[in-house]
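Dear colleague,

Here is the structure I said I would pass on. My notes on it follow below.

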Amino acid sequence: MNSLGFLVAGYVLTWSVLLWYVWRLERRVRNAERVLELSAKVRGPEGPA
Amino acid sequence: MDFSGSSGGLGRIRGLGGLALLAMVAGSLTALWVVPADALQGEVQRLMYVHVPSAWLAFFAFFVVFCMSVLYIVQRKPRWDLVAVSSAEIGVVFTALTLAQGSLWGKPTWGVWWVWDPRLTTTAILLMVYVGYLMVRSFADDPEKRARWSAVVGIVGFVQVPIVYLSVYWWRSIHQPPSSPRSADPRIVAVLLFNVAAFTLVYAYMMARRFRLAKTEQRLEELGPDHE
């Protein structure tokens, strides 16, 4: 691989890691919020039985 | 920064994410096509425009962990622990990225992917310290005990940050020390600073979302084990 190949690999790696982390973070936030919503529905307005 | 979960707050966070993405695109385009290549190293030197911001953001993230850990020890407010763990996780991502980018720069420049150089070795230790910080949290079920242990690691572990920074001055290192902005082409300095700003926006966006996750997980934990 020549110098340009390493440069391209570096930028592809940087963008891939950052986008992967943001995507994974958004999925984790959505999942956690869904569990919280579902548990609120199960408990009802008066809290746990 | 608005860490609230309100729809207005979420809109502002989405706006911050959009701004960070635009800044990153502009930063990469200018680094790859606008600024001239280094006379000695050639094209591969352009990796500096993502390597240096990644390293600085890792340092900054761990500085936030340190400050939040001190605040937690003093005030015992769970909020500071949640900010600290959010910043630690993002700092680990930036540190791992720094090492990988450095390796991609090292192979064509030094002829090796990795060398046990003081800067590289201390950075690898830094990564292990904060991976350890995240692991420590899984050892304690009690939130108060977990926050206290983490705060101690967050304070003691930060000692590694100045060691990494000063390693190129303290020991014989093949890694170059930071260049003075006065000795560099002003275009190189401007593009580097722009990329540091773009990475900072990315960090701010990640922090807002990671803190939101930490808050939600805390509420789930308060509800009991059936809800986690």
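**Chain B as a whole**

Of the 228 residues in chain B, 39% are buried. Please keep in mind that this is a predicted model.

Chain B is built from 7 helices and 0 strands, and its pattern along the sequence reads α-α-α-α-α-α-α. Along the principal axes, its C-alpha atoms occupy a box of roughly 60 × 40 × 30 Å. The radius of gyration of chain B is 19 Å, which agrees with the value near 17 Å that a compact globule of 228 residues would have. Among the contacts in chain B with a separation of 6 or more, 77% are between residues 24 or more positions apart.

**A helix pair in chain B**

How do α4(B) and α6(B) lie relative to each other? Helix α4 of chain B covers residues 118-139 and helix α6 of chain B covers residues 160-170; they pack at an angle of about 170°, and their axes are 8 Å apart. Angles over 145 degrees count as roughly antiparallel, and α4(B) and α6(B) are therefore roughly antiparallel to each other.

The α4(B) side of this contact consists of P118(B), R119(B), T122(B), T123(B), I125(B), L126(B) and V129(B). They meet Q160(B), V161(B), I163(B), V164(B), S167(B) and V168(B) in α6(B). Sorted by class, the contact has 8 nonpolar, 4 polar and 1 charged residues. As background to the spacing, an α-helix has 3.6 residues a turn, so residues three or four places apart point the same way.

Helix α1 of chain A runs over residues 3-43, which is 41 residues. From first C-alpha to last, α1 of chain A reaches 60 Å, close to the 60 Å expected at 1.5 Å a residue. Just after α1(A), G44(A) has a positive phi of about 80°.

Which residues of α1(A) are buried? They are F6(A), L7(A), G10(A), T14(A), L18(A), L25(A), V29(A) and A32(A).

Counting the two chains together, 22 residues of chain A are in contact with 27 residues of chain B. On the side of chain A that touches chain B, 15 residues are nonpolar, 4 are polar and 3 are charged.

Regards

How values were computed: Residues are numbered from 1 along each chain as its sequence is written. Chains are lettered from A and ligands numbered from 1 in the order in which they are written. This is a predicted model: local features need pLDDT of at least 70, side-chain atom pairs count only at pLDDT 80 or more; totals for chains, interfaces and linings use all residues. Axes are lines fitted to C-alpha atoms, for helices over the stretch in contact, and angles run from 0 to 180 degrees between N-to-C directions. Helices (H or I, at least four residues) and strands (E, at least two) are DSSP runs, numbered from the N terminus. Angles under 35 degrees count as roughly parallel, over 145 as roughly antiparallel, 65 to 115 as roughly perpendicular and the rest as oblique. Two residues are in contact if their C-beta atoms, placed from the backbone, lie within 7 Å. Ala, Val, Leu, Ile, Met, Phe, Trp, Tyr, Cys and Pro count as nonpolar, Asp, Glu, Lys and Arg as charged, and the others, Gly among them, as polar. The expected span of a helix is 1.5 Å times one less than its number of residues. A residue is buried if 20 or more other C-beta atoms lie within 10 Å of its own, exposed if 12 or fewer, and partly exposed in between; C-beta atoms are placed from the backbone. The radius of gyration is taken over C-alpha atoms; the globule rule is 2.2 Å times the number of residues to the power 0.38.
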